[in-house]
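Colleague: I would like to learn how to read a model like this one, feature by feature. Could you give me the general idea each time, and then the case in hand?

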Amino acid sequence: DFLCVSLVNGFTQLRYNLGDKTVILQTLQKVHANGNTWHSLNAGRVGNEGYLDLDGLNVTQKASPGMNALDTHTDFFVGGVSSLNLVNPMAIENEPAGFTGCIREIVINDRELKLTVTDPKGGANIGDCDGTDCGYTVCKNNGTCQVENSGFSCSCPREWTGTTCEQSIHCSQNMCGSHALCIPQPSSFSYTCVCALGWTGKYCDNKIKFYIAKFVGNSYIKYTDPFYGKRDLQYSRLSLNFTTNQTEGLIAWMGKSENEDNDFLAIGLANGTLKVVINLGEKISVPLMHSKYFTCSVGRWHFITVVQNQTCIKVYLDEELILFEDIDPQRKYTALNYGGICYFGGFEIGRKVNTVTTGLFQKEFIGKIKDVVLFQDSKKIQLMKAEGYNIYDGNSGN
């Protein structure tokens, strides 16, 4: 299998093979080969239907029956390959040759690659394309970069300030403490302080301890499992107590959540019922819904445990087995490779639950969580020692 974007006789080509036939798409227009015109290129496939867009002109290939998964277990190469012998003869029209020119802003499956000296795994014969201190992303938030004798300067749009336009004008005089993030509120020409775990108050300068974590809708906890390397990932288990009066919300997400290929186990509420979703591989997520309407009465604690025994999933609610399903009798994928990461209540600031979970869950959690246990550990997770923001002490004001 392969997917290859190349230049052929001045046209851009996308070629891919998912295991049965090679699909070829070519742009309608040639590129400007004058060395000073930037082009925007979008290329990819959904299943076995391909698309290729050069500067807004789109070419698509309608799907026909056949394979629809790209199975490549190689590195991702940009501009050339370590050996031209590696290139499949069907991946390019002529003899393969390395690219001469400039490339910037590569985004794969919604993740931007950092084209720096240190980030890629390897490379050769690469130089700085811009040749100045400006580069293409030095000035943030649509700021304009000017080369100066001493380096560069940014002229910023009205709402932004700072040497690289990185700071909102609403946060430029903020009083948030050192354990806080300043979040601009342009509509009211002000800001709010979002407090790191263990801190509270208007300016996040009051220290707190908690054993019950209270989530208010823009809160999250990210816990890194120190025992991940020793876990048997074919037999995972997550249990916790929670209380809420909402009908929607993501309670817990075991998994890195960096891209759609990551395995995960998720617990949440959807339409007032309990929803558990698990993905052991190949983006095949299996949602399990509790059939009864789930009454989220205020102040009532619920105890939930999800057990994954290879492809068999059991869900217990308040000590009662409510779901039991074998999500893949073929046993193709049997391990939950969650990367040692667990999120509670939501994801990092700016990452919306409905976007990250691709609509599996609609909102961040509002409520309380306590007594979180991973696998068969004898001790509960110390939520206080994780990373997170906007978490309140759930003991006070029950």
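Colleague: What percentages of helix and strand does the chain have over residues 1-129, and how far apart are the end C-alpha atoms?

Modeller: This is a predicted model, in which local features need pLDDT of at least 70 and side-chain atom pairs count only at pLDDT 80 or more, while totals for chains, interfaces and linings use all residues. Residues are numbered from 1 along each chain as its sequence is written, and side-chain values use heavy atoms, with hydrogens and water left out. Helices (H or I, at least four residues) and strands (E, at least two) are DSSP runs numbered from the N terminus. Over residues 1-129 the chain is 0% helix and 34% strand, with its end C-alpha atoms 32 Å apart.

Colleague: Which annotation does UniProt give for residues 1-129 and 210-398?

Modeller: The unreviewed UniProt entry places "domain: Laminin G" at both spans; such positions are given in the numbering used here, feature names are shortened, and annotations may be inferred rather than shown by experiment. Residues 130-166 are 0% helix and 32% strand, with end C-alpha atoms 21 Å apart, and residues 167-205 are 0% helix and 41% strand, with end C-alpha atoms 22 Å apart.

Colleague: How should I read a sheet, and in what order do β1, β2 and β3 lie?

Modeller: Strands of a sheet pair through backbone hydrogen bonds, either parallel or antiparallel. Two strands are taken as paired if DSSP finds at least two bridges between them. Here three strands form an open sheet in the order β1-β2-β3, with antiparallel pairing. The edge strands, each pairing on one side only, are β1 (2-8) and β3 (22-30). From one strand to the next the twist averages 15°, where axes are lines fitted to C-alpha atoms, for helices over the stretch in contact, and angles run from 0 to 180 degrees between N-to-C directions. Strand β2 (residues 11-17) is joined to β3 by six bridges, and N17 has T22 as its bridge partner in β3.

Colleague: How many salt bridges are counted, and why does the pair of D75 and K121 tie together separate parts?

Modeller: Side chains of opposite charge can pair when their charged atoms come close. The rule asks for a side-chain nitrogen of Lys or Arg within 4 Å of a carboxyl oxygen of Asp or Glu, and by this rule the count comes to ten. In the salt bridge of D75 with K121, the closest N and O atoms are 3.0 Å apart. D75 lies in the loop between β6 (57-61) and β7 (107-108) and K121 in the loop between β8 (111-112) and β9 (144-148), so the pair ties together parts 46 residues apart in sequence. D75 is partly exposed at 40%, whereas K121 is exposed at 75%.

Colleague: Which residue forms a salt bridge with R231?

Modeller: The partner of R231 is D377, with the closest N and O atoms 2.8 Å apart. The pair links distant parts of the chain, 146 residues apart, with R231 in the loop between β17 (213-224) and β18 (235-243) and D377 in the loop between β27 (366-374) and β28 (387-393). R231 is buried at 15%, and D377 is partly exposed at 26%.

Colleague: What phi does D318 take in the hairpin of β24 and β25?

Modeller: D318 takes a positive phi near 50° in this hairpin, which has two residues between the strands. Six bridges join the antiparallel strands β24 (residues 312-317) and β25 (residues 320-326). D318 also forms a salt bridge with R300, the closest N and O atoms being 3.5 Å apart.

How values were computed. Buried < 20%, exposed > 50% of the residue type's maximum accessible area, 1.4 Å probe, protein only.
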